[in-house]
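Please look over the structure below before reading on. The briefing that follows takes it topic by topic.

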Amino acid sequence: MMEAILPKSAVIESKPAPQKLVRSAATPNLAGMQAAAVRLPLCFVLTGVLSLLVSGAVLLVQPDLLAMYHYTPHFIAVTHLFVLGFICSIIMGAMYQLVPVTLETQLFSNTLVLFQFVAHVIGFVGMVWAFWNFNMAMVGVFGSVLTLGVGLFILNLACTLAKVKRWNTIKFGITSALIWLSATVAAGLFVTASNFWTSIAFQLLAAMHAHAHIGVIGVFVMMIVTVSYKLVPMFTLSELQSERRAWCSVALINVGLVGIFITVLFQEPFKPLFALVTISGFILYGWEMVAILHARNRRVLDWGMKYFLTSIGLLVPLAILALALTWSGLPVNAVTMQLESVYGLLGLFGLVGFAILGMLYKIVPFLVWFHSYSRHIGRAKVPALPDMYSVPLQVAGYWSFLAGLVGLSVATVWSHAAGIRWGGGLLMLSLAIFALNMGKMLTHFVRPKVEPFAKKPNLLEKTL
Amino acid sequence: MTATLLTDELVLETLRQVIDPEIGCNIVDLGLIYRYAFKAGKLTVTMTLTTPGCPMHDSIAEGVKNILLTLDGVNEVEVEVVWDPPWHPSMMTETGRTMAGVRSF
């Protein structure tokens with residue numbers, strides 16, 4: 001009999017043979033199960049990337065959309081293409097993949113994912129078309145289809161969350177995001193319906209702003225904050241440093257956002273107070289991220305992480321802008337109105353968009369790898385995730401995105417059409433680079449690169 | 001009749017061909033293999049993963065099984081994935097740390 005204990009570390013040797021939490025590995029039809037679970041999140045991701053490219057192309061063709069005030073049919077249509085088509089599709093696809101990972105459980109239903117995907121695509125494409133033509137009746141129709149899909153998404157994730165008995169920051173954050181998602185959709189339908197009412201208790205523009213805030217901060221940013229509490233330690237080989245600090249950050253963002261929604265909707269004077277409460281939640285979040293990174297064991301941060309951390313850094317200018325825009329003494333002039341557009345641009349394109357691009361460099365290679373290589377592991381040589389795309393292209397994409405975002409923001413403040421075109425052009429260059437890298441990743445989906453293991457003659461000597 | 005001499009070196013070198021695709025390092029130098037025992041054609045491996053809920057869980061464990069079954073004399077492989085003791089980067093070998101860019105302890 002041969003027996004060995006590895007590695008020769010004090011930690012292992014001092015422990016007796018493990019008695020608990022043992023799980024036998026082996027699922028004979030593993031490849032089939034994995035393929036089904038991976039294909040649908042990948043469909044969401046590809047839909048998102050396509051929407052991103054189309055919305056970028058529209059801005060490039062019509063840069064004047066950003067040079068004027070943002071309450072126009074075409075601007076709202078492009079915003080919804082970006083928000084629902086790009087951000088929502090990616091976040092939903094990513095959540096189906098990440099929630100089970102972060103909560104260490106299985107997704108409730110893959111069938112619901114399929115139904116939701118169909119409703120989501122019909123809903124958002126129809127809504128963008130209806131907004132473009134400013135046909136509010138059809139916005140309501142397609143919005144209802146989208147709502148059906150959102151309902152399925154919430155149901156699926158809520159049932160997945162219910163399987164996890166213990167409350168922790170991640171469960172708290174994802175539950176919060178799902179509640180905010182319900183509120184956002186309800187508010188969106190309410191705003192649409194109110195177009196047909198003769199008298200309402202609030203201004204439509206204020207309702208639209210309130211709807212946008214709970215959607216972006218409550219759903220997107222909350223999801224980003226929550227999953228990063230698991231993923232940043234996982235990718236940097238670190239640990240959450242303070243569960244209490246993480247919990248408080250989510251709680252403060254929630255409390256602040258309730259106040260923001262009410263004060264923005266009814267245009268009350270306490271906006272700066274609730275903005276400060278939300279910002280204090282983000283300060284705690286930033287503090288925890290710094291602590292996690294400080295304690296990391298992996299010295300070098302990969303570029304996917306750099307994208308993500310840079311996006312989080314954009315919370316600083318966003319917080320300053322938010323406080324400035326809530327200040328009651330701010331003069332109402334053209335520059336102020338353009339600052340509102342920059343606030344939205346930095347929030348959506350900068351914070352959420354950049355974070356998503358960073359996450360995609362983790363999620364897409366993983367999904368493709370899982371589909372193409374999981375059944376080959378141990379049977380043949382398979383590539384590592386970073387081998388599936390070009391790192392120099394990733395770096396070029398990072399800098400062109402950052403330069404484009406800064407250029408676009410400055411040009412938007414001054415309504416400078418040529419500057420907007422240049423900034424938008426740089427952002428498009430970055431997205432084209434990303435699309436190229438996506439193509440490289442997807443070639444592994446179509447044509448997996450599997451090589452036989454190298455023989456080691458010195459170790460495989462045969463004895464008679 | 002031919003048979004391969006099953007040695008520690010052979011088992012470890014074979015397992016080194018299974019990588020964690022996210023970290024880009026093989027599972028032996030990552031310190032994921034806790035122990036193994038060979039008796040009457042059956043190889044039992046006790047291992048862990050870098051994080052509970054790791055989505056690569058089944059793939060890596062299945063990979064360990066597949067690769068060990070290629071060894072002559074091994075008719076059956078049992079892989080047990082355990083979380084106690086939890087994995088920590090200090091369990092990596094010096095080679096693994098260099099490959100993954102992990103600081104020394």
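Which pattern does chain B follow, read along the sequence? Chain B follows the pattern β-α-β-β-β-β-α-β-α. This is a predicted model, in which local features need pLDDT of at least 70 and side-chain atom pairs count only at pLDDT 80 or more, while totals for chains, interfaces and linings use all residues. Residues are numbered from 1 along each chain as its sequence is written, and chains are lettered from A and ligands numbered from 1 in the order in which they are written.

**Chain B as a whole**

- Chain B has 3 helices and 6 strands; helices (H or I, at least four residues) and strands (E, at least two) are DSSP runs, numbered from the N terminus.
- The radius of gyration of chain B, taken over C-alpha atoms, is 14 Å, close to the 13 Å that the globule rule gives for 105 residues, so chain B is as compact as a globular protein of that length. The globule rule is 2.2 Å times the number of residues to the power 0.38.
- Along the principal axes, the C-alpha atoms of chain B fill a box of roughly 50 × 25 × 20 Å.
- In chain B, 50% of the 105 residues count as buried. A residue is buried if 20 or more other C-beta atoms lie within 10 Å of its own, exposed if 12 or fewer, and partly exposed in between, with C-beta atoms placed from the backbone.

**Two helices of chain A**

- Helix 6 (residues 136-162) and helix 7 (residues 169-194) of chain A pack at an angle of about 165 degrees, with their axes 10 Å apart. Axes are lines fitted to C-alpha atoms, for helices over the stretch in contact, and angles run from 0 to 180 degrees between N-to-C directions.
- That angle makes helix 6 of chain A roughly antiparallel to helix 7 of chain A (angles under 35 degrees count as roughly parallel, over 145 as roughly antiparallel, 65 to 115 as roughly perpendicular and the rest as oblique).

**Backbone exceptions**

- Most residues other than glycine have a negative phi, and most peptide bonds are trans.
- The peptide bond from B:D84 to B:P85 is cis, with omega near 5 degrees. B:P85 sits in the loop between strand 6 (76-81) and helix 3 (94-100) of chain B.
- A:F134 is not a glycine, yet its phi is positive, near 45 degrees. A:F134 lies in the loop between helix 5 (110-132) and helix 6 of chain A, and is partly exposed, with 14 other C-beta atoms within 10 Å.
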